[in-house]
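Hi everyone, thanks for coming along.

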Amino acid sequence: MYDVEEAATTYATAARVGIDYIVVGDPERRAHPGVEQRFAREPELLPLVFHNDALSIYEVRHQRQ
């Protein structure tokens, strides 16, 4: 989920398996360079709900039915 080119693919995977939030901390930043920039391109699907120097949390916006 962290290494895919398009954040929409990350969203689709997370939504399909029922993930509500994705956490990005130092380990993810080191292992997956650019992950936060990719997620930032899809704020309607993966809005940033929390950020500080230690971590960022993105909500997986599930479609309302």
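**A buried arginine and a surface patch**

Let me begin over at Tyr21, which sits in strand β1, residues 21-25. Please keep in mind that we are looking at a predicted model. Is Tyr21 buried, partly exposed or exposed? Its relative accessible area is 49%, so Tyr21 counts as partly exposed. Together with Val49 and Phe50, Tyr21 makes a nonpolar surface patch of about 300 Å².

Now let's turn to Arg38. You can find Arg38 in helix α3, which covers residues 35-40. Which side chain of opposite charge is nearest to Arg38? That is Asp3, 4.5 Å away. A salt bridge here would need a side-chain nitrogen of Arg within 4 Å of a carboxyl oxygen of Asp or Glu, and Arg38 has none, although Arg38 is buried.

What does the side chain of Arg38 reach, then? It reaches the backbone oxygen of Val4, at 3.1 Å. If we set aside neighbours within four places in sequence, Arg38 is in contact with Tyr2, Asp3, Val4, Glu5, Ala7, His32 and Pro33.

Let's pick His32 from that list. His32 lies in the loop between α2, residues 26-31, and α3. Its relative accessibility is 17%, and the cut-off for buried is under 20%, so His32 counts as buried. Again leaving out neighbours within four places in sequence, His32 is in contact with Tyr2, Asp3 and Arg38.

Key: Residues are numbered from 1 along each chain as its sequence is written. This is a predicted model: local features need pLDDT of at least 70, side-chain atom pairs count only at pLDDT 80 or more; totals for chains, interfaces and linings use all residues. Side-chain values use heavy atoms; hydrogens and water are left out. Helices (H or I, at least four residues) and strands (E, at least two) are DSSP runs, numbered from the N terminus. Buried means under 20% relative accessible area, exposed over 50%, partly exposed in between (1.4 Å probe, protein chains only). Lys and Arg count as positive and Asp and Glu as negative; His and the chain ends are not counted. A polar contact is a pair of N or O atoms within 3.5 Å; within protein, one must be able to donate a hydrogen and the other to accept it, and residues adjacent in sequence count only if both atoms are side-chain atoms. Contact means heavy atoms within 4.5 Å. Patches are made of residues with over 30% relative accessible area and no salt bridge: like charges are joined within 9 Å, nonpolar side chains (Val, Leu, Ile, Met, Phe, Trp, Tyr) within 5 Å. Accessible areas come from the Shrake-Rupley method with a 1.4 Å probe; for residues, only the protein chains shown count as cover.
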